[in-house]
Amino acid sequence: MGDTPPILVADGDRATRRAVCRLLRRIGYETIEAKAGPEALELAMRLQPALVILEVNLEKVSGYEVCRELRDAFGGDISVIFLSGQRTTSSDRVAGLLVGADDYIVKPFDPDELLARVRAALRRVVVHSTNGNDASPPVGASLTLREREVLRLLAQGANQPEIAAALVISPKTVAGHIQRVLTKLGVHSRAHAVAIAHQQGLVDVEAHSLPA
């Protein structure tokens, strides 16, 4: 892909690692491999890949810790996607996004979906590097008061009917608000929206509670 930096694939499972690398190379990306956390960190610090695809359960240093260190070192100049076969619950995905990942995919994965998410993650890196250090408003700044209320209730774990009852609006209206929240935050899942909400201090789930 021209001058694009390589993609680092870090996974202790050799078959998965090789499969992901073959998939990426087939569409023109250069790849490098790591099977443990320390090796992934060493390669990333030395080569600064455009994207790191991480298994959460890496040996010696977890994928979560690798992600944290990469964020501290590179900020938004590097993209991180978790790809996990064991940490697959909603809370696992939220945890991964909260430590700084751009996306979270569970195994077994669909090859076309993986490639689509890789391309999206790489586009975010390009946009960030193009913008440089120019100050920009938080992504949640455009949310309306009602959209923030919906997001707060999502962060509390409320489902669509519960949000509708709490705000005295129809479930259909709630669905519209949720879709606009996802669009404004630039995400595709409610879990990712909740993670961003926590990162930017958009919600305070302890200060409010759902009505009894």
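Analyst: First, the ground rules. This is a predicted model, where local features need pLDDT of at least 70, side-chain atom pairs count only at pLDDT 80 or more, and totals for chains, interfaces and linings use all residues. Residues are numbered from 1 along each chain as its sequence is written, and side-chain values use heavy atoms, with hydrogens and water left out.

User: How many helices and strands does the protein have?

Analyst: Helices (H or I, at least four residues) and strands (E, at least two) are DSSP runs, numbered from the N terminus. Here there are nine helices and five strands. Along the sequence they follow β-α-β-α-β-α-β-α-β-α-α-α-α-α.

User: What share of the residues counts as buried?

Analyst: Buried means under 20% relative accessible area, exposed over 50%, and partly exposed in between (1.4 Å probe, protein chains only). Of the 212 residues, 44% count as buried.

User: Which way do the side chains of strand 1 point?

Analyst: In a regular strand the side chains alternate between the two faces of the sheet. In strand 1 (residues 7-10), Ile-7 and Val-9 point one way, while Leu-8 and Ala-10 point the other way. All of them are buried. Strand 3 (residues 51-54) has Leu-51 and Ile-53 pointing one way and Val-52 and Leu-54 the other way, all buried.

User: In what sense do strand 1 and strand 2 pair?

Analyst: Two strands pair if DSSP finds at least two bridges between them. Strand 1 and strand 2 (residues 31-34) are parallel, with four bridges. Ile-7 stands opposite Thr-31 in strand 2. Strand 1 also runs parallel to strand 3, again over four bridges. There, Ala-10 has Leu-54 as its bridge partner. Strand 3 in turn is joined by four bridges to strand 4 (residues 79-84), in parallel. Val-52 has its bridge partner, Val-80, in strand 4.

User: What do the buried residues of helix 2 pack against?

Analyst: Contact means heavy atoms within 4.5 Å. The buried residues of helix 2 (residues 37-47) are Gly-37, Ala-40, Leu-41, Leu-43 and Ala-44. They pack against strand 1, strand 2 and helix 3 (63-74). After helix 2 comes Gln-48, with a positive phi near 40°.

User: Is His-177 buried or exposed?

Analyst: His-177 counts as buried because its relative accessibility is 11%. It is found in helix 8 (residues 171-185). Leaving aside residues up to four places away in sequence, His-177 touches Arg-146, Glu-147, Val-150 and Ile-169. Gln-179 is also found in helix 8, but at 47% relative accessibility Gln-179 counts as partly exposed.

User: Which residues are closest to the centre of the second largest pocket?

Analyst: On a 1 Å grid over the protein atoms alone, a pocket is an open set of points where a 1.4 Å probe fits, with protein on both sides within 12 Å along at least five of seven lines; lining residues have an atom within 4 Å of a point. A volume is the space filled by probe spheres set on the points. The second largest pocket has a volume of about 350 Å³. Of its 18 lining residues, Asp-103, Tyr-104, Arg-117, His-188 and Ser-189 are closest to the centre. Helix 5 gives the largest share of the lining, five residues.
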